[in-house]
Amino acid sequence: MDYVKLGHTGLEVSRLVLGCMSYGDPARGGHAWTLPEEESTPFLHRALDAGVNFFDTANVYSDGSSEEIVGKVLLGAVPRDQVVIATKVFNRMRPGPNGAGLSRHAILTEIDNSLRRLGTDYVDLYQIHRFDPSVPLEETLQALHDVVQAGKVRYLGASSMWAWQFAKALHLQDLNGWTRFVTMQNHYNLLYREEEREMLPLCADEGIGVIPWSPLARGKLTRDWSEATNRSDKDEFGKTLYQDSDADVVAAVARVAERRGVPRAQVALAWVAQHPVVTAPIVGATKPHHLDDALAALDLELTDEEVAELEEPYAPHEVAGF
């Protein structure tokens with residue numbers, strides 16, 4: 001495993017992030033396709049054995065049980081300082097007032113809840129899961145700065161939003177001397193490249209580490225366009241992200257993979273990982289070959305001709321994933 005600096009920080013992270021949305025109690029959070037602790041554990045151990053040190057979860061995943069599993073398994077296997085644990089705040093965690101969002105109240109409450117579930121006294125990377133237009137941005141940013149100052153968080157990150165919103169946040173952090181965002185976790189893959197217009201150039205200019213979610217487009221880039229899975233049938237959010245013209249891109253991935261003699265997942269992930277602004281894509285793994293393909297993709301160098309073939313069928317999309 002190769003390691004790189006996370007954005008402009010000194011933190012060293014693996015070139016793959018294991019996404020942990022798939023690990024959680026299937027009876028909690030409305031995701032029947034998630035893996036309970038006993039089925040999740042081998043994937044977390046396999047990632048550690050392969051040199052992955054970067055793990056991404058969120059408070060909302062499986063109603064907090066993803067954080068519980070991730071913390072228990074990782075910290076039962078290795079010393080705390082050997083792993084980089086990222087989690088997120090924004091989505092609703094309980095009914096009623098102040099149960100969601102990015103108010104000072106919500107952030108200060110939810111960081112403590114996440115630390116309790118993870119079983120640690122600090123989070124390496126604390127990310128806002130989405131932009132919250134209902135709260136003054138200054139309130140959110142100062143609260144995030146305060147959790148860093150309190151020692152509960154070491155670095156701050158953001159996730160899918162408009163580039164102008166991210167630029168405004170960075171400006172306010174600099175203007176007020178608040179802890180700066182160091183990462184952007186955005187939606188980026190061969191089927192959705194709208195981030196190339198503004199967000200990725202902004203991140204390159206500002207030295208922001210990019211850790212894309214869904215680099216395999218929820219698995220669509222790994223199988224025939226008409227093929228469905230248990231998750232895709234039940235994933236209502238995923239159904240909003242892609243369009244019929246994407247089938248041409250999927251076909252291009254299949255052609256390149258067949259010529260190379262490798263699984264499609266390796267080709268699609270190699271394309272994301274080769275982007276100079278991308279620090280580490282976030283990959284999910286619910287079957288043994290998922291992590292094997294992700295690791296192999298890091299060693300797969302696509303030619304300029306292959307990249308052109310993969311990119312040529314792309315059609316513009318409505319902005320999705322915010």
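1. Helix 1 (residues 37-49) has 13 residues and spans 18 Å from its first C-alpha to its last, close to the 18 Å expected at 1.5 Å a residue; the expected span is 1.5 Å times one less than the number of residues. Helices (H or I, at least four residues) and strands (E, at least two) are DSSP runs numbered from the N terminus. After helix 1 comes Gly51, with a positive phi near 95°.

2. This is a predicted model, in which local features need pLDDT of at least 70 and side-chain atom pairs count only at pLDDT 80 or more, while totals for chains, interfaces and linings use all residues. Residues are numbered from 1 along each chain as its sequence is written, and side-chain values use heavy atoms, with hydrogens and water left out.

3. Which residues of helix 1 are buried? They are Ser40, Thr41, Phe43, Leu44, Ala47 and Leu48, where buried means under 20% relative accessible area (1.4 Å probe, protein chains only). These residues pack against strand 3 (17-19), strand 4 (54-56), helix 2 (65-77) and helix 10 (288-297); contact means heavy atoms within 4.5 Å.

4. The largest nonpolar core has 90 residues; such a core is a set of buried Ala, Val, Leu, Ile, Met, Phe, Trp, Tyr and Cys residues joined through side-chain atoms within 4.5 Å. Helix 9 (residues 264-273) gives the most to this core, with seven residues. Phe55, Tyr126, Phe166 and Phe181 have the most contacts inside the core.

5. Leaving aside residues up to four places away in sequence, Phe55 touches several residues, including Leu44, Ala47 and Leu48.

Key
Buried means under 20% relative accessible area, exposed over 50%, partly exposed in between (1.4 Å probe, protein chains only).
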